[in-house]
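Visitor: I have just opened this entry and would like a guided look. Could we go through it together?

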Amino acid sequence: MQIGLIGLGKMGGNMAERLRLSGHQVVGFDFSAEAVARLTASGNVGVSTLESLVKKLDGRRAIWIMVPQGKPVDETIAKLTPLLNPDDILIDGGNSNYKDTMRRHSEVAAKGFHFVDVGTSGGVWGLKEGYSMMIGGDKEPVEYLRPIFETLAPASDKGWGHVGPGGAGHFVKMIHNGIEYGMMQAYAEGFTILEKKEELDLNLPQIAEIWRYGSVVRSWLLDLTADALSKNPSLEGLEAYVEDSGEGRWTVIEAIDLNVSAPIITESLMRRIRSREENNFTDRMLAIMRNEFGGHAVKKD
């Protein structure tokens with residue numbers, strides 16, 4: 001099956017390679033000439049314009065968009081739709097806000113095209129392990145794209161599914177990432193407690209390896225954590241600065257809108273935000289208040 005791919009970064013490039021290895025042809029576009037050249041060298045077809053991408057796709061076109069969420073997605077859709085034929089399919093495989101996706105689904109459908117949203121998880125490991133895909137959209141285009149999903153997934157019948165109408169795929173991926181925030185925070189806190197118990201001289205890489213087998217806390221995330229600790233047990237050279245890509249924030253907002261208590265996900269997001277504060281003003285305020293009401297010592301620079 002032939003498919004267009006816009007966005008040939010690390011994840012997009014790996015997806016293209018996984019598809020090529022299974023006999024699908026990818027026609028890919030990226031603003032980076034180097035990324036386009038890599039795609040062509042791998043045996044797929046790299047192009048330098050969106051017009052060229054559309055022209056090289058035969059029959060019913062399916063174009064997978066892997067660009068940053070927000071305005072870049074809208075701009076890409078606006079440039080593509082004048083080039084499409086009725087019944088063609090646009091796929092957003094990035095981490096878009098599901099509310100934007102619902103709007104795009106309606107706008108694209110009004111022009112005679114289909115819009116499918118695919119919440120995609122797997123990161124840099126997707127080429128080897130396959131991608132977990134949570135898919136939203138109308139049934140017919142999703143079924144048409146089945147060969148693509150079966151190829152990208154860990155197995156043809158595992159790791160992917162049509163979860164609901166337009167926007168559902170990105171909504172489920174949003175919650176997935178919120179859960180991921182909480183799991184990461186729990187592992188980080190647990191290993192920090194172990195590290196602080198200095199008199200026991202605990203070996204963190206060893207403990208991570210023990211937990212990987214038979215334990216109820218085993219997971220792929222723990223596998224990756226164990227691998228990272230084996231390479232750098234003391235986390236030497238790393239700065240305590242953690243970014244977030246947006247889905248955790250959206251999950252917390254959705255929980256509030258739905259009157260759902262989600263303290264773990266919320267606090268894990270707050271911890272990420274706090275990690276970026278140099279010389280934290282909040283903690284200095286706490287210190288000065290304790291000094292005022294109780295005479296507690298204050299550390300100064």
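This is a predicted model: local features need pLDDT of at least 70, side-chain atom pairs count only at pLDDT 80 or more; totals for chains, interfaces and linings use all residues.

Visitor: What is the strand order of the open sheet?

Guide: The order is 3-2-1-4-5-6-7-8, in an open sheet of eight strands with mixed pairing.

Visitor: Which strands are at the edges?

Guide: Strand 3 (45–47) and strand 8 (160–164) are the edge strands, and each pairs on one side only. On average, neighbouring strands of this sheet are turned by 25° against each other, direction ignored.

Visitor: In what sense do strand 1 and strand 2 pair?

Guide: Strand 1 (residues 2–6) pairs with strand 2 (residues 25–29) in the parallel sense, over five bridges. Within strand 2, V26 is the residue opposite I3.

Visitor: Which strands does helix 4 touch?

Guide: Helix 4 (residues 71–80) packs on the sheet and touches strand 1, strand 4 (62–65), strand 5 (89–92) and strand 6 (114–121). The direction of helix 4 makes about 160° with that of strand 4.

Visitor: And where does helix 9 lie?

Guide: Helix 9 lies across strand 5, strand 6, strand 7 (132–136) and strand 8, and runs at about 15° to strand 6.

Visitor: Back to helix 4. At what angle does it pack with helix 5?

Guide: The angle is about 5°, and the axes of helix 4 and helix 5 (residues 98–110) are 12 Å apart. The two helices are therefore roughly parallel to each other.

Visitor: Which residues make that contact?

Guide: Helix 4 contributes V73, D74 and I77, while helix 5 contributes R103, R104 and V108. By class, three of these residues are nonpolar, three are charged and none is polar.

Visitor: How do helix 9 and helix 12 cross?

Guide: The axes of helix 9 (residues 168–196) and helix 12 (residues 247–257) cross at roughly 100° and come within 8 Å. That makes helix 9 roughly perpendicular to helix 12. The residues meeting there include F171 and Y181 in helix 9, and W250 and E254 in helix 12. This contact divides into five nonpolar, four polar and three charged residues.

Visitor: Changing topic, what caps the N-terminal end of helix 14?

Guide: N280 does, with a side-chain oxygen 2.9 Å from the backbone nitrogen of T282. Just after helix 14, G295 takes a positive phi of about 70°.

Visitor: What span should helix 14 have?

Guide: At 1.5 Å a residue, the 14 residues of helix 14 (residues 281–294) should span 20 Å. The end C-alpha atoms of helix 14 are 20 Å apart, which agrees.

How values were computed
Residues are numbered from 1 along each chain as its sequence is written. Side-chain values use heavy atoms; hydrogens and water are left out. Axes are lines fitted to C-alpha atoms, for helices over the stretch in contact, and angles run from 0 to 180 degrees between N-to-C directions. Helices (H or I, at least four residues) and strands (E, at least two) are DSSP runs, numbered from the N terminus. Angles under 35 degrees count as roughly parallel, over 145 as roughly antiparallel, 65 to 115 as roughly perpendicular and the rest as oblique. Contact means heavy atoms within 4.5 Å. Ala, Val, Leu, Ile, Met, Phe, Trp, Tyr, Cys and Pro count as nonpolar, Asp, Glu, Lys and Arg as charged, and the others, Gly among them, as polar. The expected span of a helix is 1.5 Å times one less than its number of residues. A polar contact is a pair of N or O atoms within 3.5 Å; within protein, one must be able to donate a hydrogen and the other to accept it, and residues adjacent in sequence count only if both atoms are side-chain atoms. Two strands pair if DSSP finds at least two bridges between them.
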